[in-house]
Amino acid sequence: TTGSTVISGLENQPRGLLLWRCMLCGIGGLGIIAVAIIVLPFLRVGGMQLFQTESSDKSEKILPRAVELTAAIAGVYFGLILLCAIAYAFAGMSVFDAVCHSLSTVATGGFANYDASFAKYDSVSIEVVGSVFMVLGALPFVALIKALRGDGMSLWTDVQIRGFIMFLVAVSVILALWLTMTREMSFL
């Protein structure tokens, strides 16, 4: 998804339409797994090579079978969506909005149920929940699976994750400095 929408007046649209577009975004995040497991073997392209591109660790398979890996990735993905929806609800969203936004947040699609997006809520806690789960949704799920299986250090030793986090910190600091200088906002 591009995260863009051509629908205006989102708050006036039927709930079914709002849920449908977020479900498409959320479930679309698992499309690469279906391609890797179902289509690529018919093309004589191994699905494991695709999964290995998700992680910088090429030493061994984290699970012995591709089907188990697919189930683990789907479990992590839907687990993140569930945790995100719960966190949004605790932060002040309605249950419906929490479910819709969590589907979009973990898929990093950016869909919202309101034209104003997160600005509608004017809530730092909702913005923090969104930021945390967008970062988690952007991490390689193979590394998250390893961490859930007891290898928590894999999150810190993965070069890809370290580079991604350093990039986020650098961009955040640069933007905070720019906003401080140009908009007279506080750095925090």
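**Figure 1. Residues of helix α1 meet residues of helix α5 in this predicted model.** From α1, the residues in contact are Arg15, Leu18, Leu19, Cys22, Met23, Cys25 and Gly26. Their partners in α5 are Phe96, Val99, Cys100, Leu103 and Ser104. Sorted by class, this contact holds nine nonpolar, two polar and one charged residues.

**Figure 2. The axes of α1 and α5 cross at roughly 30 degrees.** Two packed helices are described by the angle between their axes and by the distance between those axes. Here, helix α1 spans residues 15-28 and helix α5 spans residues 95-106. Their axes come within 7 Å. Angles under 35 degrees count as roughly parallel, so α1 is roughly parallel to α5. The crossing of the two helices is left-handed.

**Figure 3. Helices α6 and α9 each supply at least two residues of the lining of the largest pocket.** Helix α6 covers 124-138, and helix α9 covers 159-183. The largest share of the lining comes from α6, with eight residues. What classes of residue make up the lining of the largest pocket? The lining has 14 nonpolar, three polar and one charged residues.

Notes
Residues are numbered from 1 along each chain as its sequence is written. This is a predicted model: local features need pLDDT of at least 70, side-chain atom pairs count only at pLDDT 80 or more; totals for chains, interfaces and linings use all residues. Side-chain values use heavy atoms; hydrogens and water are left out. Helices (H or I, at least four residues) and strands (E, at least two) are DSSP runs, numbered from the N terminus. Ala, Val, Leu, Ile, Met, Phe, Trp, Tyr, Cys and Pro count as nonpolar, Asp, Glu, Lys and Arg as charged, and the others, Gly among them, as polar. Axes are lines fitted to C-alpha atoms, for helices over the stretch in contact, and angles run from 0 to 180 degrees between N-to-C directions. Angles under 35 degrees count as roughly parallel, over 145 as roughly antiparallel, 65 to 115 as roughly perpendicular and the rest as oblique. A crossing is left-handed if the near helix is turned anticlockwise from the far one by less than a right angle, and right-handed if clockwise. Contact means heavy atoms within 4.5 Å.
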